[in-house]
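This report describes how the secondary structure elements of one protein are arranged.

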Amino acid sequence: MIRQIADSKEKQVIARTVLEALPEWFGILEAREDYIAKSAAQTFFGAFDGEEPVGFLCLAETGKDTVELSVCGVLKEYHRKGIGRELFANAKEFAASKGYSFLQVKTVQMGKYKEYDATNRFYLSLGFREFEVFPTLWEEGNPCQVYVMALQ
């Protein structure tokens with residue numbers, strides 16, 4: 001079940017639970033804590049198995065016409081069960097209903113790490129298209145791939 005979460009503390013608890021269980025993607029402590037802290041103020045969708053959180057997705061406005069999928073995670077034992085797609089469908093519908101024209105997401109460029117290659121394939125399967133690569137936005141060795149999607 002997917003539901004939008006409003007309470008900032010609940011957002012952070014869910015984000016921490018999921019991100020700490022995914023060290024392959026969120027193993028850098030400072031970055032993980034930044035995602036958790038920022039999640040409190042972002043549009044937040046949680047995925048639940050009963051009452052237990054199993055995934056989440058956050059949206060952050062980056063311009064008057066654009067919203068960013070700023071962070072998303074699903075517990076490994078729930079991968080490949082459609083939860084990420086369901087979270088994204090809810091987020092996309094929300095963004096379109098708010099009048100945004102574009103949705104963007106950033107990840108590590110394809111070909112650098114196996115885990116991020118899977119992430120890239122997931123975003124492409126959702127309909128995102130390659131926009132630009134920023135070789136040193138994060139740090140050398142982790143080129144930032146930006147994907148975009150038109151909403152209207």
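## Sheet and helix packing

Strand β5 (residues 102-108) pairs with strand β7 (residues 142-150) in the antiparallel sense, over seven bridges. Within this pairing, V108 has C144 of β7 as its bridge partner. The model is a predicted one.

The two strands belong to an open sheet of seven strands, ordered β1-β2-β3-β4-β5-β7-β6, and the pairing in this sheet is mixed. Its edge strands are β1 (2-5) and β6 (129-139), each of which pairs on one side only. On average, neighbouring strands of the sheet are turned by 30° against each other, with direction ignored. Helix α5 packs on the sheet and touches β4 (66-74), β5, β6 and β7. The direction of α5 makes about 165° with that of β5.

Two helix pairs are described next. Two packed helices are described by the angle between their axes and the distance between the axes.

| Helix pair | Angle | Axis distance |
|---|---|---|
| α1 (residues 8-20) and α3 (residues 29-39) | roughly 155° | within 8 Å |
| α4 (residues 83-97) and α5 (residues 114-126) | about 50° | 11 Å |

The axes of α1 and α3 come within 8 Å and cross at roughly 155°. Because angles over 145 degrees count as roughly antiparallel, α1 is roughly antiparallel to α3. The crossing of these helices is right-handed. On the α1 side the contact involves K11, Q12, A15, R16, L19 and E20, which meet R32, E33, Y35, I36, A37 and S39 in α3. Sorted by class, the contact of α1 with α3 has five nonpolar, two polar and five charged residues.

α5, which packs on the sheet, also packs against α4, at an angle of about 50° and with the axes 11 Å apart. The two helices are therefore oblique to each other. Their crossing is right-handed. G84, R85 and F88 of α4 make the contact with F122, S125 and L126 of α5. By class, the residues of this contact divide into three nonpolar, two polar and one charged.

How many helices and strands does the protein have? There are five helices and seven strands. From the N terminus on, the elements run β-α-α-α-β-β-β-α-β-α-β-β. The radius of gyration is 15 Å, close to the 15 Å that the globule rule gives for 152 residues, so the protein is as compact as a globular protein of that length. Taken along the principal axes, the C-alpha atoms fill a box of roughly 40 × 35 × 30 Å.

Terms used. Residues are numbered from 1 along each chain as its sequence is written. This is a predicted model: local features need pLDDT of at least 70, side-chain atom pairs count only at pLDDT 80 or more; totals for chains, interfaces and linings use all residues. Side-chain values use heavy atoms; hydrogens and water are left out. Axes are lines fitted to C-alpha atoms, for helices over the stretch in contact, and angles run from 0 to 180 degrees between N-to-C directions. Helices (H or I, at least four residues) and strands (E, at least two) are DSSP runs, numbered from the N terminus. Angles under 35 degrees count as roughly parallel, over 145 as roughly antiparallel, 65 to 115 as roughly perpendicular and the rest as oblique. A crossing is left-handed if the near helix is turned anticlockwise from the far one by less than a right angle, and right-handed if clockwise. Contact means heavy atoms within 4.5 Å. Ala, Val, Leu, Ile, Met, Phe, Trp, Tyr, Cys and Pro count as nonpolar, Asp, Glu, Lys and Arg as charged, and the others, Gly among them, as polar. Two strands pair if DSSP finds at least two bridges between them. The radius of gyration is taken over C-alpha atoms; the globule rule is 2.2 Å times the number of residues to the power 0.38.
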